[in-house]
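Subject: Structure handover

Hi,

Here is the structure for you to look through. Please open it alongside these notes.

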Amino acid sequence: MSGLQIGPIAVGTPVVLAPMAGVTNAPFRRLCREAGAAGLPADRPDLAAGPAPAGLYVAEMVTSRALVERTPESMRIISHDAGEAVRSVQLYGVDPATVRAAVRMLVTEDRADHIDLNFGCPVAKVTRKGGGAVLPWKSDLFGAIITAAAEETRGTDVPLTIKMRMGIDADHLTYLDAARHAQDAGVAAIALHARTAADYYSGTAHWDAIATLKQAITEVPVLGNGDIWSAEDALAMVEHTGCDGVVVGRGCQGRPWLFTDLVAAFAGSDLRVRPGLAEVAEVIRRHALLMVEHFGEELKALRELRKHLSWYMKGYVVGGEARRQLGLVSTLAELDERLEALDLSQPYPGEAAEGPRGRAGSPKRPHVPEGWLDSRVMDESWRAQLAEAELSISGG
Ligand SMILES: Cc1cc2nc3c(=O)[nH]c(=O)nc-3n(C[C@H](O)[C@H](O)[C@H](O)COP(=O)(O)O)c2cc1C
């Protein structure tokens, strides 16, 4: 399969690291990006050209309001390391004027090379106020947000993309309308997480919806997202849906080397990384050091690392007490000590380390503001609630 063109950016391998709040910060992106580069076959120098030979690696979402206020946390989120040739930032917003200001800030201050807009958050405290995955239901508001953002990127070399879910629930699908609207507004690619807000993270992603979207959208690339746990899954999604690229989230949690497999697979190579626990421990040490550098504070960095540690251990034989102790690390010295105490001689555990990982759960009745479903047009009375939706968001 050939690469992916997102506006002016040639993405050599059609693979995208999904934005994940609390996960895809600069250290984690670096591990994924380097793993991706290791999957480029040496005999395919043609693939190594361009700014993103081994895919695109998107930052955690930042809210447009926090960004225009330049909160320290939002400035941390949009920070990139020197090796990131394509600085991908994802914005979340509910107010066209604030989104416009945030996009303008990123573009005029040269803080991003690619901007993605997030319309996928299924969390009740956000959707209850009309934000996240239920926002595209209000087609006028959705249109106003993407138009504002598109106006700020037009004529620049920063492409704008969107990422969304299928809709509120099976009876209130929005993705086709929203995608056509976005295409007309001039976005450079459209990514679909093939679940509704009601699906939350349950069941399996509805890849057929990605195929339907690909049929409907002919002018810009369509990216498929949902339930890619292996390189083979990625190829299967492309085969099944005809999508132009894949977006991979939970599958790489605690497994950044999945990007080696993904990049290799798209280049036709059968290289696959199957690390024993000693190699995993090496990646963890590196991850920890990068985190300390990024957060500038050991305790904060190690606290942030804890969830990754439980993901890294998936499938390996590590006793309950050792896991618990790893979940409490506060210093690099403690981390080293606790890693060294593991049986590092164990090989890759096979299937136990594969398949679904990370957030799951059961379907949830989508919470929307009362009366939200009655009309697809925005009403002034919703605006105040929506502003709150932006204040309470923390993930996708
Ligand atoms: C911990 C976590 C945080 C997430 N944060 C975001 C986010 O900031 N922006 C976003 O668009 N999606 C977010 N998502 C959704 C993912 O980008 C992706 O759409 C979803 O996990 C489905 O892909 P997957 O099956 O490959 O995991 C998040 C998902 C998880 C598990």
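Below is what was found, from the overall layout down to single contacts.

First, the source: this is a predicted model.

Domains. The protein chain splits into domain 1 (4–273 + 360–387) and domain 2 (277–347). Their C-alpha centres lie 29 Å apart. Domain 1 brings 16 residues to the contact, and domain 2 brings 13 residues. Together the two domains bury about 1300 Å². Of that area, 67% is on carbon and sulfur atoms. On the domain 1 side, Pro 27, Leu 31 and Trp 257 stand out. They supply 35% of the area that domain 1 buries against domain 2, more than any other three residues.

Barrel. A barrel is closed by 8 strands, with parallel pairing. The order is β3-β4-β5-β6-β7-β8-β9-β10. From one strand to the next, the twist averages 25 degrees. Opposite Thr 161 stands Ala 189 in β8. Helix α6 (residues 139–153) lies across β6 (114–119) and β7. Relative to β6, α6 runs at about 175 degrees.

Helix pair. How do α1 (residues 26–38) and α10 (residues 258–266) cross, and at roughly what angle? Their axes come within 7 Å and cross at roughly 35 degrees. The crossing is right-handed. From α1, the contact uses Cys 32, Ala 35, Gly 36 and Ala 38. From α10, it uses Phe 259, Thr 260 and Val 263. By class, that gives 5 nonpolar, 2 polar and no charged residues.

Best wishes

Terms used: Residues are numbered from 1 along each chain as its sequence is written. This is a predicted model: local features need pLDDT of at least 70, side-chain atom pairs count only at pLDDT 80 or more; totals for chains, interfaces and linings use all residues. Side-chain values use heavy atoms; hydrogens and water are left out. Axes are lines fitted to C-alpha atoms, for helices over the stretch in contact, and angles run from 0 to 180 degrees between N-to-C directions. Helices (H or I, at least four residues) and strands (E, at least two) are DSSP runs, numbered from the N terminus. A crossing is left-handed if the near helix is turned anticlockwise from the far one by less than a right angle, and right-handed if clockwise. Contact means heavy atoms within 4.5 Å. Ala, Val, Leu, Ile, Met, Phe, Trp, Tyr, Cys and Pro count as nonpolar, Asp, Glu, Lys and Arg as charged, and the others, Gly among them, as polar. Two strands pair if DSSP finds at least two bridges between them. Domain bounds come from an automatic or database domain assignment. Buried area is the accessible area (1.4 Å probe) that two parts lose on being put together, summed over both.
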